[in-house]
Amino acid sequence: MSIRTRSHPKRLWSVKVRSGVRHCGLWLTVVLLAAPLGQAAKSTIQSTREYRLRFYHTHTRERLDIVYRRGDTYLPEALDELDHYLRDHRTGEIRHFDPHLFDLLHDLTASLNDSDGEIDVICGYRTPRSNEFLRARSSHTGVARHSLHMQAEAIDIRLPGIPTSKVRDAALRLHRGGVGYYRSSDFVHVDVGRVRRW
C-alpha cells in the first residue's frame with residue numbers, strides 16, 4: 001500500500017515566493033552589472049569619435065580629406081600630412097601646426113552646420129621671408145610683422161556658400177583666439193593666439 005502525501009498549499013506558495021525572490025535578486029544583479037558596462041560601451045563610442053576636415057588650397061589646387069583625431073587622440077601621420085598640406089606654398093617649407101587650430105576649424109564648421117563642407121585655404125604656414133614679402137607689397141595688406149602664420153598657429157580661410165561675415169561672427173562666438181575679417185579679399189583669419197579681433 002502506497003501512502004501519498006499531499007503538499008500543503010501554504011508550503012508550495014512559500015517555495016514559489018522564495019524562488020521568485022531569488023529570480024528577482026538575480027535579475028537585479030544582472031541589471032546592476034550591465035549598467036556600468038553599457039556606460040563603458042557608450043563612453044568607448046564617444047571616445048572613438050572621428051574628427052574630419054576637408055580642404056581645398058586656393059594656391060596649390062590640392063584637396064585633402066582627412067581624419068586628424070579619434071576621440072582625444074591626435075593621429076601623428078595625419079598631423080604630418082596636414083603640416084605638409086599647409087606648407088608655405090611659395091618656398092615649400094614646412095612647420096608643425098598646433099593641432100588646436102584644427103579643433104578650432106572643426107568646431108567652427110560644425111557651428112555653421114557645414115561639417116561636411118570644404119574649407120578653402122588662402123594661407124597656412126608662412127616663413128618669415130614670405131611674411132616680409134607680403135608686408136612689403138602694400139601697407140594695406142594687413143600682414144602683421146609677428147604674424148602667427150609664422151608659428152603655424154593661424155590660417156586664412158573661406159567657406160564656399162557661406163558669407164565671410166557669417167564665418168567671422170561664428171569664429172568670434174567661439175572665443176578661442178584671434179579673428180581677422182578681410183572683406184575686400186573675401187577671407188577670414190583665425191588663430192589660436194590670444195583672443196582679439198580686427
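**A walk through the model**

Author: Start with helix 4 (residues 128-137), where Ser130, Asn131 and Leu134 are buried. Buried means under 20% relative accessible area, exposed over 50% and partly exposed in between, with a 1.4 Å probe and protein chains only. Helices (H or I, at least four residues) and strands (E, at least two) are DSSP runs, numbered from the N terminus.

Reader: Why do the buried residues of helix 4 line one face?
Author: Seen down the axis, they fall within an arc of 100°, so they sit on one face of the helix. The arc is that of the directions from the helix axis to the C-beta atoms. On the other side of helix 4, Pro128, Arg129 and Ala136 are exposed.

Reader: Before we go on, what kind of model is this?
Author: This is a predicted model: local features need pLDDT of at least 70, side-chain atom pairs count only at pLDDT 80 or more, and totals for chains, interfaces and linings use all residues. Residues are numbered from 1 along each chain as its sequence is written, and side-chain values use heavy atoms, with hydrogens and water left out.

Reader: Back to asparagine 131. Why does it count as buried?
Author: Because its relative accessibility is 1%.

Reader: What is asparagine 131 in contact with?
Author: Arg126, Val143, Ala144, Arg145, Ser147 and Met150, leaving aside its neighbours within four places in sequence. Contact means heavy atoms within 4.5 Å. The side chain of asparagine 131 also makes a polar contact with the side chain of arginine 126, at 3.0 Å. A polar contact is a pair of N or O atoms within 3.5 Å; within protein, one must be able to donate a hydrogen and the other to accept it, and residues adjacent in sequence count only if both atoms are side-chain atoms.

Reader: How far is asparagine 131 from aspartate 88?
Author: Their C-alpha atoms are separated by 9.9 Å, and the two are 43 residues apart along the chain.

Reader: New topic. How many helices and strands does the chain have?
Author: Five helices and eight strands. Along the sequence the pattern reads α-β-β-β-α-α-β-α-β-α-β-β-β. Of the 198 residues, 37% count as buried.

Reader: What about the largest nonpolar core?
Author: That core has 34 residues, and those with the most contacts inside it are Phe55, Leu82, Phe102, Leu105, Ile155 and Val167. A nonpolar core is a set of buried Ala, Val, Leu, Ile, Met, Phe, Trp, Tyr and Cys residues joined through side-chain atoms within 4.5 Å. Elements giving two or more residues to this core include strand 1 (50-57), helix 3 (100-111) and helix 5 (164-174). Helix 3 gives the most, with five residues.

Reader: Which residues does phenylalanine 102 contact?
Author: Leu53, Tyr68, Leu79, Leu82, Leu86 and Phe97, leaving aside its neighbours within four places in sequence.

Reader: And histidine 106, buried or exposed?
Author: Histidine 106 counts as buried, at 8% relative accessibility. Histidine 106 is found in helix 3. Not counting residues up to four places away in sequence, histidine 106 touches Arg49, Tyr51, Arg52, Leu53 and Tyr68.

Reader: Which residues of helix 2 are buried?
Author: Ala78, Leu79, Leu82, Asp83 and Tyr85. They cover an arc of only 165° around the axis, which puts them on the same side of helix 2. Pro76, Glu77 and Asp80 are exposed on the other side.

Reader: What covers the buried residues of helix 2?
Author: The cover includes strand 1, strand 2, strand 3 (73-74), helix 3 and strand 4.

Reader: Now strand 5. Why is it largely enclosed?
Author: Four of its five residues are buried, so strand 5 is largely enclosed by the rest of the structure.

Reader: How many bridges join strand 5 to strand 7?
Author: Four, and the two strands run antiparallel. Two strands pair if DSSP finds at least two bridges between them. Alanine 154 stands opposite aspartate 191 in strand 7.

Reader: And strand 4 to strand 5?
Author: Three bridges, again antiparallel. There, aspartate 120 has arginine 158 in strand 5 as its bridge partner.

Reader: Last one. What does the side chain of arginine 54 make a polar contact with?
Author: The side chain of aspartate 65, at 3.3 Å. Arginine 54 lies in strand 1.
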